[in-house]
Amino acid sequence: MNRACECGAPISAQRVAFSEGEVDFRQCTQCGLLFREVFPTPDELHAIYQQAYEEEKIASGGTNQESGAFATQSYADFIQDLARQPAHARVLDFGAGSGELVAALRDRSIEAEGLEFAEEARRFCLEHRGISLLSDFKALPSGRYGVITMVEVIEHLTELQPTLRELCRLMEPGGTLLVTTPNRLGLRARSEKGHWREATKKFHLFLFDRRSLRQHLEKAGFTQVRQVRFSPLQRPGFKFWLAARLPQMLGVGGTLCMTATKERRP
């Protein structure tokens, strides 16, 4: 049975996304979102993340889940500017992995917390960084955070709209959400189609373009959704700077980076 798109479009408004490679992706013709027809089971996802977050892989940077030291510092610099907008904003890194970004933010004297569902990643963070990550958000009070970050996380969500609505609840009015995710209309994605690296990762359940990401953020209650054309760099050096900035300038970069806000009360 086909899965309905979370934008509310009927199942009839779907088509097969790829003719080869990851052929289980469907595209919603109304919002443009790509999603797997059949999600991995909770046990399958648990096994994937358990293997990814083995202690040796975290220590060596081989989790295939985290951004790496240079990118982490780039994101921390960017988030530091966001956290200054609501003065002394509390930050939540949703999908914090082993807590590398939370640690980088705290090193900048930012009040930062992280939430991570993978037990192995939380354990590593506590043992090696001395930071206790949250494991659930449902008991957290509304309006707790001035900034919420989702760095390469939204494509992993098993419940897209319910999770986004919960994050909107946790954000204080006027706060900022930062989202990054692979761009399904990026240059490499366009050329490789169903063989695109990001599509072949079985834990990637959704693939977004700018239009679909904007629509789903707005549906969850966020406003003022804006694309960050020149997102934080992932690697050092002029060659990578050029390789990243030129596609971004042309609108075909590999990463979508967007900010959104929660409307202030009248």
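User: Why is Phe137 called buried?

Analyst: Phe137 has a relative accessible area of 6%. Buried means under 20% relative accessible area, exposed over 50%, and partly exposed in between, with a 1.4 Å probe and protein chains only; Phe137 is therefore buried. The model is a predicted one, in which local features need pLDDT of at least 70, side-chain atom pairs count only at pLDDT 80 or more, and totals for chains, interfaces and linings use all residues. Residues are numbered from 1 along each chain as its sequence is written, and side-chain values use heavy atoms, with hydrogens and water left out.

User: What makes Phe117 partly exposed?

Analyst: The relative accessibility of Phe117 is 49%, so the residue falls in the partly exposed range.

User: How many aromatic pairs are found in the whole structure, and why is the pair of Phe117 and Phe137 given its class?

Analyst: Eight aromatic pairs come out of the search. The ring centres of Phe117 and Phe137 are 6.3 Å apart and the planes stand at 80°. Rings of Phe, Tyr and Trp (its six-membered ring) pair if their centres lie within 6.5 Å; planes under 30 degrees apart count as stacked, over 60 as edge-to-face and the rest as tilted. The pair is therefore edge-to-face.

User: What does the pair of Phe117 and Phe137 tie together?

Analyst: Phe117 is in the loop between β5 and α5, and Phe137 is in the loop between α5 and β6, so the pair ties together parts that are 20 residues apart in sequence. Helices (H or I, at least four residues) and strands (E, at least two) are DSSP runs, numbered from the N terminus.

User: Why is the pair of Phe238 and Trp241 called stacked?

Analyst: The ring centres of Phe238 and Trp241 are 5.7 Å apart and their planes are at 20°, so the pair is stacked. Both residues lie in helix α10 (residues 238-250), three residues apart, about one turn of the helix. Phe238 has 59% relative accessibility and so counts as exposed, whereas Trp241, at 39%, counts as partly exposed.

User: Which residues do ring pairs link into a cluster with Phe39, and what sits over the ring of Phe39?

Analyst: Ring pairs link Phe39 with Phe206 and Phe208. The charged end of Arg3 sits over the Phe39 ring, 3.6 Å from its centre. The criterion is NZ of Lys or CZ of Arg within 6 Å of the ring centre and within 35 degrees of the ring normal.
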